[in-house]
Amino acid sequence: MGRSATPEGDPARTMELLWGGGSTPISRPRNGKPGLTLDRIVEAAVSVADAEGLDAVSMRRLAAELGAGAMSLYTHVPGKTELVEVMLDRALSTLAPAEESDAGWRERLADAARDYFQLLCAHPWMLGVVALSRPVLGPGGMAKYERELRAVEGLGLSDLDMDSVVTLLDSFVAGAARAAVDAAAAAAHEADGEWWQSVAPHFEKVFDPGRFPLAARVGTSAGEYHNAAFAPAHAFEFGLARLLDGVGALIVDGGTGGD
């Protein structure tokens, strides 16, 4: 399930916003402009977050983007905390829903992981609000959770093991996406290359390959590889395959025995 690390906010209002729609205008249109709705506010917030990060999202900024008064936004959403919850759930709702499929559990779980990875990479701001501490209890988060659970349903695992597999998968995907986003940012600024060019001459003077033969051999090969543009995608697929191997072993063993 998608998970959020945002502050508490108003739980009752958050549930209302997540499940109550929000496409009906409450504010009257001005000068022929569309009326203000929760959907328009969320769309504008996601656009700002995608372009400039979550810190750039504020009620004042969104009001300017929407051509509305800042106070009018509070008619639809009580504050940024609740808004971020809705933004996150709306993003998760773009993932493919659970469907009947003839594919095996491994393929279905891998497809769900790849979709989530691509979503997080496309919206890096999500990485700042997803965590293992608290689930996103909106329709988008629940649909994602349902899809992942269906991939391991009927395999002899307990409900606890099924949830643990999904939690492990989500944790891995979020970590891999964070690494991919960081790598892309570093590549854009050539930070890694500049760092290595400044450090390499000094490191080569003090490093003794005879003392650390494996580090010298493997590190050289890995260093050449990690400078490649496809490294983050390969790292994700490598880790995903190993994780699925572990799930396969759990299934063969009949789970952990948890209820």
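A residue counts as buried when its relative accessible area is under 20%. The model to which this cut-off is applied here is a predicted one.

**Exercise 1.** Decide whether phenylalanine 236 is buried or exposed.

*Solution.* The relative accessible area of phenylalanine 236 is 3%, and the cut-off for a buried residue is under 20%. Phenylalanine 236 is therefore classed as buried.

**Exercise 2.** Determine how many aromatic pairs the model holds, and describe how phenylalanine 117 and phenylalanine 236 are paired.

*Solution.* Ring centres have to lie within 6.5 Å to pair, and planes under 30 degrees apart count as stacked; by this rule there are three aromatic pairs. One of them joins phenylalanine 117 and phenylalanine 236, whose centres are 4.1 Å apart with 15° between the planes, and this pair is stacked. Because phenylalanine 117 belongs to helix 6 (residues 105-122) and phenylalanine 236 to helix 11 (residues 231-253), the pair ties together parts that are 119 residues apart in sequence. Phenylalanine 117 and phenylalanine 236 are both buried.

**Exercise 3.** Find which residues ring pairs link into a cluster.

*Solution.* Phenylalanine 236 also forms a stacked pair with phenylalanine 172, at 5.7 Å centre to centre and 15° between the planes. This pair links distant parts of the chain, with phenylalanine 172 in helix 8 (residues 159-189) and phenylalanine 236 in helix 11, 64 residues apart.

Conventions: Residues are numbered from 1 along each chain as its sequence is written. This is a predicted model: local features need pLDDT of at least 70, side-chain atom pairs count only at pLDDT 80 or more; totals for chains, interfaces and linings use all residues. Side-chain values use heavy atoms; hydrogens and water are left out. Rings of Phe, Tyr and Trp (its six-membered ring) pair if their centres lie within 6.5 Å; planes under 30 degrees apart count as stacked, over 60 as edge-to-face and the rest as tilted. Helices (H or I, at least four residues) and strands (E, at least two) are DSSP runs, numbered from the N terminus. Buried means under 20% relative accessible area, exposed over 50%, partly exposed in between (1.4 Å probe, protein chains only).
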